[in-house]
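Please examine the sequence and the structure shown below. The paragraphs that follow lead through selected elements of the fold, beginning with a strand and turning then to helix packing.

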2 protein chains.
Amino acid sequence: MSELEFIRWLRDRIVADARVPVGPGDDAAVVRLAEGREAVVTTDLMVEGVHFDLTKTSPRLVGRKALAVNLSDIAAMAAEPVAAFVSVALPKNGGGELARELFAGIAELADEFGVAIAGGDTNRTDGPLVINITLLGQTTQRGPVLRSGARPGDAVLVTGELGGSLAGRHLTFQPRVREALLLHERCELHAMIDLSDGLATDLGHIVEESGGGAVLRAESIPISEAAVAAANEDGRGAIEHALCDGEDFELCFTLAEAEAKRLIDEQPLEGVAVHRIGTISREAGLWWETDDGTRRKIMVKGYEHALD
Amino acid sequence: MSELEFIRWLRDRIVADARVPVGPGDDAAVVRLAEGREAVVTTDLMVEGVHFDLTKTSPRLVGRKALAVNLSDIAAMAAEPVAAFVSVALPKNGGGELARELFAGIAELADEFGVAIAGGDTNRTDGPLVINITLLGQTTQRGPVLRSGARPGDAVLVTGELGGSLAGRHLTFQPRVREALLLHERCELHAMIDLSDGLATDLGHIVEESGGGAVLRAESIPISEAAVAAANEDGRGAIEHALCDGEDFELCFTLAEAEAKRLIDEQPLEGVAVHRIGTISREAGLWWETDDGTRRKIMVKGYEHALD
């Protein structure tokens with residue numbers, strides 16, 4: 001596929017997506033949000049050699065991930081994704097073929113989540129491949145869930161299992177869009193974030209923006225098999241991987257104790273477990289607590305991203 | 001300014017912009033559109049060495065232009081700009097200082113047009129500087145103006161004077177946001193586009209998407225001084241520059257004959273003239289017409305963009 005053929009393909013795809021709620025492709029896309037909803041917007045730029053390595057990862061998975069990380073951000077607000085705007089800077093050699101594969105990965109995930117590809121900008125570059133996706137979503141009738149709403153005494157929960165994502169899951173993860181919407185519908189969520197920089201860092205954002213801190217039980221942290229494998233590999237603890245590894249793209253959220261108990265009992269998310277990992281405290285910072293009530297500050301050693 | 005200082009500056013700016021209608025900065029920005037309005041979204045990516053040359057153009061003007069071209073696209077829909085999302089890939093050396101200047105240019109124009117910088121993504125690259133801006137706007141109560149609404153018999157008008165933009169105006173042009181809104185309020189605009197690829201190409205989009213063609217009077221095309229200077233330089237005609245040069249970022253629009261006459265008489269745009277250049281025809285294509293009624297097909301030789 002030549003670059004020109006690719007640009008035509010993209011234009012055709014945009015026109016095909018120009019259905020309600022996305023209006024006709026023109027100088028700008030017109031997107032009709034549902035009555036009374038707010039727009040939710042996130043953007044993410046990925047650079048070859050910094051965020052991915054095309055000698056190791058297929059362009060299709062790179063495209064998929066470029067959309068998936070944005071979907072995860074929309075999920076973190078408990079909002080519905082609506083329309084994606086895709087800009088690429090393509091290397092002058094082989095850019096057309098690369099673009100075709102990138103967009104195959106984007107289109108597949110977009111279709112799965114009912115997201116219209118509503119606009120884009122295709123350019124050339126002498127440098128590495130760059131892809132930027134801006135995702136427009138809309139709040140539900142219940143409004144967005146922010147990071148800043150956690151209250152002392154709230155239970156802290158996460159979806160799925162944590163750590164070791166860089167062994168592969170960071171390319172194939174399912175953004176928790178449906179899960180976030182279902183939780184938002186069933187519960188009164190106080191605060192939520194997606195785990196992109198690691199549990200300790202991201203839960204840190206919640207407690208900093210809400211005021212207070214969090215007390216965690218080490219034995220409650222759901223550790224993925226990949227975290228165990230990574231621990232066996234590098235000699236660090238599996239719990240450290242679960243706490244610090246980036247790119248899990250699971251949800252971390254807080255809600256009232258009683259609601260949390262009900263949620264844990266019901267386990268309403270299809271194929272994804274919710275785990276209680278701790279409690280929001282008045283005291284700032286993140287703490288481990290043991291059975292005898294002793295508390296020990298959690299030391300965070302930063303986080304890892306793909307190639308970063 | 002280090003890159004970290006820049007990221008803090010950007011975060012502070014985003015928080016400062018987190019006023020109505022832009023909600024709290026979180027995993028995604030929440031933007032409240034006015035009641036009953038539709039979202040209008042455009043995105044544009046610029047690459048160093050392809051779209052601009054930092055040895056000739058200051059990063060401040062590059063930042064300004066990156067936002068200005070998006071503002072021009074929102075203007076073309078007769079919509080109001082609301083919030084900008086700015087992604088950059090910064091070269092590893094000197095990226096912080098570069099970013100500061102880029103954003104100074106963006107912030108100045110954003111302030112001038114009441115646009116919130118509501119989100120962004122800062123990254124590093126081994127390659128050239130890349131900047132992507134996605135601009136979110138909202139339709140007015142009268143809805144968007146599309147390319148596809150031109151009707152046979154419509155007058156074709158443009159704002160300002162055309163051609164020779166690459167001598168400098170492409171970096172400093174005023175996007176015609178206010179002008180488009182005022183025209184949309186006062187007249188029933190049938191079709192509109194901004195002139196980014198040259199009058200012939202862009203008016204071509206209007207007639208292709210509307211069906212039909214356009215008959216122009218050569219003596220009516222407003223030729224800029226820069227087009228005359230460019231013609232003196234390269235020996236091509238000034239009219240050819242006015243017709244084919246890219247990046248004028250003026251508006252081209254169509255409306256009923258009677259309304260056009262009133263508009264030309266009133267000249268309601270402060271400091272910007274509106275010119276009647278021709279008429280929409282049933283016959284496809286673009287044509288020159290002379291006083292004696294003879295028609296001659298307009299041959300388009302493509303267009304020029306900065307460095308492109």
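A residue is called buried when its relative accessible area is under 20%. With that term in hand, one may turn to strand β6 of chain B, residues 155–159, in this predicted model. The strand is mostly covered, since 5 of its 5 residues are buried.

With strand β9, residues 251–255, β6(B) pairs in the antiparallel sense over 4 bridges. Within that pairing, A155(B) has L255(B) of β9(B) as its bridge partner. Strand β10, residues 274–281, also runs antiparallel to β6(B), and 5 bridges join the two. Here L157(B) stands opposite R276(B) of β10(B).

Helix packing in chain B comes next. Helix α1 (residues 3–16) and helix α3 (residues 95–112) of chain B pack at an angle of about 20°, and their axes are 9 Å apart. Angles under 35 degrees count as roughly parallel, and α1(B) and α3(B) are therefore roughly parallel to each other. Their crossing is left-handed. From α1(B), the residues E3(B), F6(B), W9(B), L10(B) and R13(B) meet a set in α3(B) that consists of G96(B), A99(B), R100(B), F103(B), A107(B), A110(B) and D111(B). By class, the residues of this contact comprise 7 nonpolar, 1 polar and 4 charged.

In chain A, the helices to consider are α2 (residues 59–76) and α3 (residues 95–112), which pack at an angle of about 40° with their axes 6 Å apart. That angle makes α2(A) oblique to α3(A). The crossing of these two helices is right-handed. Which residues of α2(A) meet α3(A)? They are P59(A), R60(A), V62(A), G63(A), R64(A), L67(A), A68(A) and L71(A), and their counterparts in α3(A) include L98(A), E101(A), L102(A), A104(A) and G105(A), together with I106(A), E108(A), L109(A) and A110(A). The contact of α2(A) with α3(A) has 11 nonpolar, 2 polar and 4 charged residues.

Definitions and conventions
Residues numbered from 1 in each chain as written. Chains lettered and ligands numbered in written order. Predicted model: local features only at pLDDT ≥ 70, side-chain atom pairs only at ≥ 80, totals over all residues. Heavy atoms only, no water. Axes fitted to C-alpha atoms, helices over the stretch in contact; angles between N-to-C directions. Parallel < 35°, antiparallel > 145°, perpendicular 65-115°, else oblique. Left-handed = near helix turned anticlockwise from the far one by under 90°. Contact = heavy atoms within 4.5 Å. Nonpolar A, V, L, I, M, F, W, Y, C, P; charged D, E, K, R; others polar. Buried < 20%, exposed > 50% of the residue type's maximum accessible area, 1.4 Å probe, protein only. Pairing = 2+ DSSP bridges.
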